[in-house]
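Please look over the sequence and the structure before reading on.

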Amino acid sequence: ERDQNSSDGQEPFSTAGFRAVKFTLHTRDLLSTVLYILNSCSLSIEHIQSLNTYVHSQPLKEAKRMPDRPIRWDKSYYSFTGFKDPDEDLEQVSRMETTLTSWLDNNGKSAVKKLKNSLPLRKELDRLKDELSHQLQLSDYRWQRSWGIAHRCSQLHSLGRLAQQNLETLKNAKGCTLVFTDRSGMSAGGHVMLGTMDVHHHWAKLFERLPSYFDLQRRLVLLEDQISHLLGGIRVVYLEELQPALTLEEYYSLLDVFYNRLLKNRILFHPRSLRGLQMILNSDRYAPSLHELGHFNIPTLCDPANLQWFILTKAQQARENMKRK
């Protein structure tokens, strides 16, 4: 029946006599839901039941096995369908890979701008280096880390202020190379190390102690000569680029341990038979080796008998390697 009065809140009938309704499905089985609705409305369900019987009576077809390899379509397929060609995507990615030329093109302007902005600081750094080198008669400056120009200027300004307060003490570093690094002291290579985290007081104490460091340097050279004498004339060297960063005290201790082991075991080499050859000491190695540049890498705790055999058998090869330098 058509409801002439819609004051009860229900939606009015359409002109065809039907009213829009909404269903909420309480089950995922759509078939049972449809059958329930038809039964509720006293409508025939014979067609639905016959259709259901037909569907279930059909044997399941065996699924075809998909090929293992991807299908490669002809270019015309992608042109016709408008689909993306994966090969073209790969080619585009490879073309977009950064090359040195493209990187320079993209970053050149920025680099020029940064260089231009840094020029005043660079000039200030050069001025400070020249001024302090002349004032303290230093050989050179080095920085162990890749600090920026502003950071380096700040460190030299600190050194300049210390020089104003303790000029005579800082002159103890005459002829030395100053290295701004993580700790203060003297390196195994003989450079004065200024710890960047230390205060002026620590730097001043270091410059006061430099004469004692120079004395230790002389003793270290004598110790190297004594080791060389025991090993047939091989010269003991310290190569910063190939050895751990050591202080002068640490390196002297290393040499002293090695020298005492040689004295205790007394391995024999013909005097001066190995002159012209070089060796470096390492505390982090367990077996001797020959570097491609011709010097021997000798562990501090190397067995003396093995050391003698290794040096004698590799001496000729070491000389040949040194000629290639």
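Helix 5 (residues 100–136) and helix 6 (residues 149–165) pack with their axes 10 Å apart, at an angle of about 30 degrees. This is a predicted model, in which local features need pLDDT of at least 70 and side-chain atom pairs count only at pLDDT 80 or more, while totals for chains, interfaces and linings use all residues. Residues are numbered from 1 along each chain as its sequence is written, and side-chain values use heavy atoms, with hydrogens and water left out.

**Helix 5 and helix 6**

- Helix 5 and helix 6 are therefore roughly parallel to each other (angles under 35 degrees count as such).
- Axes are lines fitted to C-alpha atoms, for helices over the stretch in contact, and angles run from 0 to 180 degrees between N-to-C directions.
- Helices (H or I, at least four residues) and strands (E, at least two) are DSSP runs, numbered from the N terminus.
- Helix 5 passes helix 6 in a left-handed crossing (the near helix is turned anticlockwise from the far one by less than a right angle; clockwise is right-handed).
- Residues of helix 5 including Leu121, Leu125, Leu128 and Leu132 meet residues of helix 6, among them Ile149, Cys153 and Leu156 (contact means heavy atoms within 4.5 Å).
- The contact of helix 5 with helix 6 has 11 nonpolar, 3 polar and 5 charged residues.
- Ala, Val, Leu, Ile, Met, Phe, Trp, Tyr, Cys and Pro count as nonpolar, Asp, Glu, Lys and Arg as charged, and the others, Gly among them, as polar.

**Helix 8 with helix 9**

- Helix 8 (residues 200–230) and helix 9 (residues 248–265) have axes that come within 10 Å and cross at roughly 30 degrees.
- Helix 8 and helix 9 are therefore roughly parallel to each other.
- The crossing of helix 8 past helix 9 is left-handed.
- The contact includes Tyr213, Leu216 and Leu220 of helix 8, and Tyr252, Leu255 and Tyr259 of helix 9.
- Its residues divide into 14 nonpolar, 2 polar and 5 charged.

**Helix 6 with helix 8**

- The axes of helix 6 and helix 8 come within 11 Å, crossing at roughly 65 degrees.
- This crossing of helix 6 and helix 8 is right-handed.
- Gln155, Ser158, Leu159, Arg161, Leu162 and Gln165 of helix 6 meet His200, Trp203, Ala204 and Phe207 of helix 8.
- Among the residues of this contact, 5 are nonpolar, 4 polar and 1 charged.

Key:
Angles under 35 degrees count as roughly parallel, over 145 as roughly antiparallel, 65 to 115 as roughly perpendicular and the rest as oblique.
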